[in-house]
Structures are given as C-alpha cells and as structure tokens.
Amino acid sequence: MRSRPAVVPGGWFLLLAALLPQPARSASLAVPVVLDVRSGSAWYRTELTLTNRGASAIDLTLTYVGSIGATSGSVTETLAAGAQRTIPDVVAHLRAGGLHFPDPAAGEPQAGTLVVGLPDEAAASVSVLARTASPTSPPQPEGRAGLAYPALPRASWATDTAVVYGLRATATDRSNLAVFNPTAQPVTLRVTVVSGSGDGRSFVVAAAETLPPGGWKQYDGVMAKAGLANGWAVVERTSGEAFGAYGVVNDNGTNDGSFLDPVVAAPPLPRLVVPVLVETPSFRTELILANRSASPALVSLSYRESLAAAGGAGGTVTLTLAAGEQRIVPEALRFLHGLGLDVGAEGSASFAGSLRVSAEGTDPRDLFAAARVSSLSPASGAFGVFLPGLPDDALASDEAFVAGLTSGGETRSNVALLHAGEAGSAPLTLEVHVHDGEAAGAPAGAPESVRLAGGEWRQLADPLRSRGVASGWVRVRRVSGSAPWAAYGVLNDGDAPGARTGDGAYVPMVRAEATTSRLAPSDLTYLGAFRLPDVGERPQTFAYGGNAMTFRPGGDPGGASDGFPGSLFVTGHDRIPFGELPDGDQLAEVGIPEPGLSRQVDDLPVAPLLQGFRDVTGGLFAGLDEIPRVGLLYLDRPETGPKLHVAWGQHLQPDPPAPSHAWCDPALATPSPRGAWFLGDESPYAVNGYLLEIPAAWADVHAAGRVIGTGRYRDGGWSGMGPALFAYRPWTDAAGTPPPAGTRLADTALLRYATSVETDRIERSLSGYQHADEWEGGAWVTTASGRSAVVFAGTKGIGARYWYGYVNPAGADLPCVDGAFVGQFPVCRMADGSPCPPADLVECAGHTSNRGWWSSRFAARLLFYDPADLARVAAGGLSPWEPQPYASLDLDDRLYLNPSRVDEDELGTGVQRRYRIGDVAFDRASGLLYLLELFADGARPVVHVFRAR
C-alpha cells in the first residue's frame, strides 16, 4: 500500500467532496473519531487497520475533519488485493501525507472524524477497524489500554434516534458521550441523558447541538455532570440527514475504555444474545440490563454453560426490571446463581457461556443487554472488553469475516464462535479459515472445523500465531446445521495470557449474507412460455389484457403431475373511459401447462380456462377507467382464509383521491368484495400498480406482520423516480375482520424514491432512472437454497435521451418533444439526468398523436433488490430512497416482441417498443416465476416461466 498526498488544508468542503457521488468512489465508511490527545497520565492515539479481502487493488481516500484542532484534509492510499495493513498512528500518518498538523512536540490535542472513500463495488470486501489506546504508566503493568470500533457504512448511520446504554458515574468508572456528523450537510441534535434508577429523571445535555459536516463533539463525564449514577443517553436528530453516536466507559484506575455502541431504530426483535459471560480466576463479567419502556418488564435470562457443564449446564431464570430501569450487575454469574441458575458454585471451576435475553410486558425495542468482561489490574482498576447483545438480525447464517486481527510481540488475537440457537437445538458445524493479509490474502494452513451444540460458545486462542500470520482475518463458514451463529474477535495487549496489560478490544464480525444470500440473475433458469386461451369478446377476453396476475397454489389439482401445479388469475381486456368499456379488467383463472420453448408463438401450449371472466370488484372502483392500473395477489392466511387482494388506480388519479385496495373471494362467480380502503397517507400514484406476498417470517420481524407488499410506478416520476413498495395488512384481528370501507390502512414504507413533484432534478432516484420507465410487477422471490430478492419487472428506458412528446419519424435517437410544454418543465433529458441541449427542444414534423414519455431505447428488465436493504429502511437505518438494485436482468432475447405488430403507433417499434412486459407472479413452493409478456400473441399476453434455484 502506498500513500499519495492529495493535501488541501481547510474545512468541511473536503468532506463534502469526499461524500458526493463520484464515478469511481461512491461508498463511504465513517470512522467516528481519531485522536492524538494527552490527558494527565494518558496519551490516546488511534491506529487504523485497513483490510481488502477483494481480488483487485483499490484506491482509498482518507478524509479527516478536525474538531479539536483546525486541521482538515485528505490523503489517498492504494491497498493491494488481499492486503491488510495497520497504520499505527493515524494523525502521524496524515501529517506525513502532508496535512498541516502542529509540531507533535507541542502536544496540542487533535481529534476529528475520518471518512474512508472507496469504489462502491469494493465496499463489500473492505473493512476498516480503528483502535484508540494509551500506553500505561507505573504502577500499572507495561502495555496499552484502549478500545476498538469499526468504520460505519452509510446503512449504519442513525437518521432519527440513537440510544447509548451502559453509561455510569461511580467511584471506579466515568462515562463520556460523543456525537459526530458523517454527512456533507450540517446536522442538529438534541442530546438527553436519562436516569437508569427508574425515577424518570432526565437532563438535557444539549437542546440543539449543530455539528458541521464532519463535526465531532464529546461530552466528558456526562453522567456525573447530570447528577446521575447510571443510565443512558438519547440522541435525536432535529435537522440534517444522519449522525452517529457512541459512549465510552473509562476505568478510573487504568484509563482503559469500553466502547458502547448505539442502538438505532430497530425492528421489534424477540431476544438479544450476549455472546459470553466469563468467571475464571483472572476474569469477571459485568452484566448490563435495561428497560427503557414505561412499563415493568419480566426478563427471561437463558444461560448455556460451555466450559464446565458438569457442575451445571445452565437454564433459565427470570427477573423484573422496573420501568425506566438500567441494572448494572458487577458479578454476572454470581448473580444468576443467586436467582437459581443451575451452574457450578463460584470458584469451583472456570465458567463461560452465552446468555439469551428476552422480555414480556415491554416492546422488545426498549430492552437492552450487554456484558463487560474484565481482569483486575495488580495496581488498581481493571482492563476490560465490552460485548454488545446481538439481536437476531445481527446473527450470521452462511458466512462471516472477522478482519483487523494481528498477532505479534505486543498483541494477540482470539476468535470466538457462538451457536446462537437455543440450548438443546440441533448442532451446527463451522469451518474457520485464516487468511494472511501480508501474503495477498492467501489461506494460511488448513481450515479448522468446529462443531457447536445448541447455545455453545467456543474460543480459538490466537489462531493467527499458530499459522505464522502477523496480520490477517478469518473467514467462518457454516458447513452443516441450520441455526444462526455469531463470530467475533478480541485484540489483546500482550503476546500471551498474563503478558503486558492483557486488555481486550472487541472486533465484530462482518456478515457475508449481504452478497451470498442474494438471488443472482444466473439463479433464474428459463423454462419456456405458454399462451392464454382465446375466449370471448371484450371485455371477456385476454386481448389487451394482462394488467395483473397472481399465482394460486392448489388452484388446479388435476394439473400438478407435469411439475407445474396451481393456477394463475389474470385480468382481461382493460377498461376504456367515456363509457366505451366500463367493465373491463375482469378476472379469469387458468391452469398452468408445461411451458414450451418454440420461437413461434403458435407452437406454444395453451393454458386451460378454469374460471371464466367475471367482474369481481362489485363497483368499488367504478369510474377508475382512464388507463387503469391493477394489482392482484392470492393469499391464503389463517386469519382470512383464501382471498384475492386487489389494488386499483388509473393514469390520472381523481381529486379527491379514491380508495385503492380491496379483497374478494377466489370463487369468481361469488366474489363478495370488501373495501375499498386507502393505504395510509401514501400518494395513490405510488400504491396501486402491483401486489406481492412478503414472507411472513420477514414481515413479522421487520414490518409489524404486514405481509402484503403494494406499490406502483407512474411514468414521469409522479409516484417516485423508481419502483415503490409498502407493506400493509387489510384485516383487523385474528378472525380476519376487514376494516370499514374508506379506512386508511397502516403501512410500512420499504422503498420510495423522490417524486418529480418534490424536485425537478433527477436525485434520490433509481440509478439510471428515466421518466419513460415503466415498472409493472413485483415478486418477493425466495428459494429452497436460502437465496432471496425482491424483483421488479418492467420496461426500462436506456436510451441516450428521453423526452415528453412523440416518436420522431426521422429516427429513434432523435427526440420529438411536445412544444406546448417547453419551458414549463424539463421536457427532455440526457441519460445522466441533465437537460437536453436547446436544439433538442423542438416538436418534430410528421409525428403521430401518441404523446407520452419516450426514450430513444427501451429494454425489458428485472431489477433485483436485497431484502436486507428494505429491512434497514423499515428499521430507520436507511432512507426509503437509498436502496438500489444489486443486479438486473434484461429479457429481450426471450421475448416475442409483438410479432403481429399490434397498435405500433401506441406501443412503438424496434428499440422504442414500450410496454414489453407486465406483472409477475411467484410459486414459492416450487420456485417458479411467471412473467407476462404483453402483446405477444396478437393482442394477448403470453406467460414466460423461470425457475429460481
């Protein structure tokens, strides 16, 4: 790795430049603070370990913004493929790179934030770990004492509220609280500390703390100054984009710090897993439990002993936490033994095991649990490491990495593994690989296989040293079992137990599920297509139909022998306004034949008709017939039984808005429709174009049990500049009672880009967005192998220009705008969103009357979104406009593309053919994805079939 100075002393504009989207550097990792500060007998400095697990060298930009001391600037580093490098002193390194820090001999304190900029495609393989420590001085043992913390990606920045638990002011410990601004805009925060004694006292530390871009602020002795013995801090954003917060508990005897991670907005997960409680002759564990709610909580503590189970394997005990109580238990295992836990007597053996914490009577989001494992200093005080309680959504399933590990004369690294299932659950086997960061990431020695029983904890002592690795990382992979698990590292001062201070610093794992559990486009195998039956006259025909489609398991019991069970409900001929066809978009049910692979539509098999066309809406959506948009979902729930859920809208929504959602029975002759309902306060342009089933387990954790996804894209960006998705549930109780007509159903926003009404710029949008895009369908795809994706189907504008107007008869690459709108809004844009040159703002001669949004080129496309990103939106960790597709799949080579040349003036031709594909439906049990191609069989759609592996 080489350092190239790119030094500009100055202020926050450097951070702004670093964070603005760059063609080759668009990801950012925020290091909360780096220090060079002397305080009494302590001298705190920060080291930084950079890890590149990827196969290519990458350039990193380290941008520093000083808050203590006025220095700011940046340097650029190159980190080789598979390399791990430690910068022992960040401030000294930046000084050597050209930043204008004062002479170190002056001893002037320096503290500030550090943003690591890197290419977006490298973000998944790069880890950055900071470690701030101070040398000890007599009578303390020779060595260092401090703490470690990882750099935070954008998804981990707080956007609403952050709570820092575990703060205290005692004879042995003091607490500091820090806030920082990792964004390019100022942020204003309200900072309050709350008593953990249950008396309801609180103290406003800062009513309106404004941090500039890159700003950092520490509140020293925050609990003592508030007159509180223990409690937590609540940091709330009042303006700006995002922020970070953390706490540090310092031992008054050793100056050793414990880093307290914040808890940001999170889903109501049922439990927390504290990785380990330890009781040995050298180590003791402090347990921190908190109930932030206004009601008492009955807390269940389930412990599984892993070192000395012969004296007692553990079990479950309970205690009550008062409303607003934080309890800090100095001797955790002694305390649990006193509550009746089956574990050996104190001093009879060395004990260690994991703890599962859950509560009744309170919102799980108000429960906190963590541990601090410490060893007493022979002088005074203690050296410790803080272990946060892990919620279920922070556990691993397939693969994880622990990076930033070192093993040398002053440091050793341990790696711990935890079976996070309940005690007694099925065992799992993990494989641990050590990689050498000084040898291009090469594997060091054979992998180690570790079998863990339910709830078991295991520590690997210094696995790097035994393989001759001085700096590297471990990769942990599950090879058998299905339980969740966790891994973490501990950096210890001293090359062996008992050497130097022995102080530990916690290193969290980085899960690989973000990539390995995603459904890849290559996981979809094309199986062929089939036709829909040619029946009836409009509106009881599939011609000009296919507005919506859904899959029904068991819908065709006699057709399962061919491997394609179930049936499809598909809408017929669309409604037409002004009374011409007010009863269109009727619904029919068809069986599913084995698809064919012929390139001739006439040779494809034809689906049998199971139920003929019926109008199932019962007049609920009367009058919504101007280019209607329909969503459809078959869902059989215990609460309601089998229902067809319907969403309905039109191109120009009425004012005042009309309700958009309903349900009916799947017996089309007797549908018994109920509704219609609004979806919260969402724009009708964003909610009534498609419906999809959200897996119940995901919905229970992330969306308050709302198992139906709904959304719409409306061209021109009126719905948002990309597909939208909201979760809802249209029943009120376990009996499936529908709400009264006109009810505004509660919803959870999962995806919502900025609208063209909110901004006339292409921002907070789908990457590569064009106003001519059309997203017609969505499906939440899961596979038996554990892969998943939220897939949107539509016709994507991909041309060099897009415009509001007409097709130019002189050529597809030439715009033809509607001259009446020139000057009213940007009627023509280049592909990058910038306005077209004035020469393009001309209405051409000889065009047809088919006005709308056109692109110079279109493609039928599937977009793949990561459900983990949508979970972060639901939890408040990401803004609804931040998720982007991780992959896409173009489908034109599978399509027939209007071989009968139906309505080409409206649909377009060649590369300008619009409305290529419509809705999608998913058979979760069989892994089959059904996709409508519009106008493929004359005016009728055909159904394409893919298998998701």
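Predicted model: local features only at pLDDT ≥ 70, side-chain atom pairs only at ≥ 80, totals over all residues.
β27 pairs with strand β26 (residues 367–376) in the antiparallel sense, over 7 bridges. Within this pairing, valine 385 of β27 is the bridge partner of valine 373. The two strands, β26 and β27, form a hairpin in which 5 residues lie between them. The turn contains glycine 381, which has a positive phi of about 80 degrees.

Helix α7 comprises residues 867–874, of which Pro867, Asp869, Leu870, Ala871 and Val873 are buried. The elements covering these buried residues include the helix α6 (696–702) and the strands β50 (725–728), β52 (747–751), β53 (774–782), β54 (788–797) and β58 (858–865). The N-terminal end of α7 is capped by aspartate 866, with a side-chain oxygen 2.9 Å from the backbone nitrogen of alanine 868. After α7 comes glycine 876, with a positive phi near 90 degrees.

Glutamate 456 is located in the loop that runs between β33 (448–452) and β34 (457–460). Its relative accessibility is 12%, and because buried means under 20%, glutamate 456 counts as buried. The side chain of glutamate 456 is joined to that of arginine 458 by a polar contact of 3.2 Å. When residues up to four places away in sequence are not counted, glutamate 456 touches Arg304, Ser306, Leu417, Leu418, His419 and Arg451.

The model contains 6 cavities of 30 Å³ or more. The largest cavity has a volume of about 90 Å³. Its lining consists of Asp36, Arg38, Trp43, Val91, Arg95, Pro102, Asp103, Pro104, Gly107, Glu108 and Gln110. At least two residues of this lining come from β2 (27–39), and at least two from α2 (90–96).

Note on methods:
Residues numbered from 1 in each chain as written. Heavy atoms only, no water. Helix = DSSP H or I, 4+ residues; strand = E, 2+ residues; numbered from the N terminus. Buried < 20%, exposed > 50% of the residue type's maximum accessible area, 1.4 Å probe, protein only. Polar contact = N/O pair within 3.5 Å; in protein donor to acceptor, adjacent residues only side chain to side chain. Contact = heavy atoms within 4.5 Å. 1 Å grid on protein atoms, 1.4 Å probe; cavity = no way out; pocket = protein on both sides within 12 Å on 5 of 7 lines; lining within 4 Å. Points joined across faces, edges and corners; volume = space filled by probe spheres on them. Pairing = 2+ DSSP bridges.
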